[in-house]
Amino acid sequence: SLAAQLHWLRARGAPLAVFRSPSHPEFARRRGIAALERSRALLRETCAREGIPLVDQSELLTAEEFADAVHPVAAGRDRWSDALGRELANLPSTASR
């Protein structure tokens, strides 16, 4: 389970944060919005319970910023990289040690 993995990492002194990468908007439609929201809620609850920062960028990019179902085009990669850099800069340097 995610919680067990987080405990294992924390026991070894690893600074922790959980990241959700951008997902193609079509993914949510195909998987089902309700199922996606349930998985998001579970991840939020687990991270909150464990005191681990969660950075959810799953809705950051538009469909036009993907080359296919998974891979962002250059503009999407640049936007994601910039957003990820800002998020990392805002995390405590010893996130959940």
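**Contacts and packing**

Colleague: Leaving aside its neighbours within four places in sequence, what is Ser 21 in contact with?

Modeller: Ser 21 is in contact with Gln 57, Ser 58 and Trp 80, once neighbours within four places in sequence are set aside. Contact means heavy atoms within 4.5 Å.

Colleague: What kind of model is this?

Modeller: This is a predicted model, where local features need pLDDT of at least 70 and side-chain atom pairs count only at pLDDT 80 or more, while totals for chains, interfaces and linings use all residues. Residues are numbered from 1 along each chain as its sequence is written, and side-chain values use heavy atoms, leaving out hydrogens and water.

Colleague: Back to Ser 21. Where is its place?

Modeller: Ser 21 is in the loop between strand 1 and helix 2. Helices (H or I, at least four residues) and strands (E, at least two) are DSSP runs, numbered from the N terminus.

Colleague: Is Ser 21 buried, exposed or partly exposed?

Modeller: Partly exposed, because its relative accessible area is 37%. Buried means under 20% relative accessible area, exposed means over 50%, and partly exposed is in between (1.4 Å probe, protein chains only).

Colleague: How far is Ser 21 from Arg 49?

Modeller: Their C-alpha atoms are separated by 21 Å. Along the chain, Ser 21 and Arg 49 are 28 residues apart.

Colleague: Zoom out. How many helices and strands are there in the protein chain?

Modeller: The protein chain has 4 helices and 2 strands. The pattern along the sequence is α-β-α-α-β-α. Along the principal axes, the C-alpha atoms fill a box of roughly 40 × 30 × 15 Å.

Colleague: And how much of the protein chain counts as buried?

Modeller: 31% of its 97 residues. As for contacts between residues at least 6 apart in sequence, 66% join residues at least 24 apart.

Colleague: Now helices. At what angle do helix 1 and helix 3 pack?

Modeller: About 30°, with the axes 10 Å apart. Helix 1 covers residues 2-11 and helix 3 covers residues 33-50. That makes helix 1 roughly parallel to helix 3. Angles under 35 degrees count as roughly parallel, over 145 as roughly antiparallel, 65 to 115 as roughly perpendicular, and the rest as oblique.

Colleague: Which residues of helix 1 and helix 3 meet?

Modeller: From helix 1, Leu 2, Ala 3, Leu 6, His 7 and Arg 10. They meet Leu 43, Thr 46 and Glu 50 in helix 3.

Colleague: Which residues of helix 3 are buried?

Modeller: Ala 35, Leu 36, Arg 40, Ala 41, Leu 43, Thr 46, Cys 47 and Glu 50. The buried residues of helix 3 pack against helix 1, strand 1 (18-20), helix 2 (25-31) and strand 2 (54-56).

Colleague: What about Arg 38, buried or exposed?

Modeller: Exposed, with a relative accessible area of 56%. Arg 38 is found in helix 3. Arg 38 and Ser 23 are 16 Å apart in space, C-alpha to C-alpha, and 15 residues apart in sequence.

Colleague: What follows helix 3?

Modeller: Gly 51, whose phi is positive, near 70°. Ile 52 is in the loop between helix 3 and strand 2. At 5% relative accessibility, Ile 52 counts as buried.

Colleague: How far apart are the C-alpha atoms of Ile 52 and Ser 23?

Modeller: They are separated by 22 Å, and the two residues are 29 residues apart along the chain.

Conventions:
Axes are lines fitted to C-alpha atoms, for helices over the stretch in contact, and angles run from 0 to 180 degrees between N-to-C directions.
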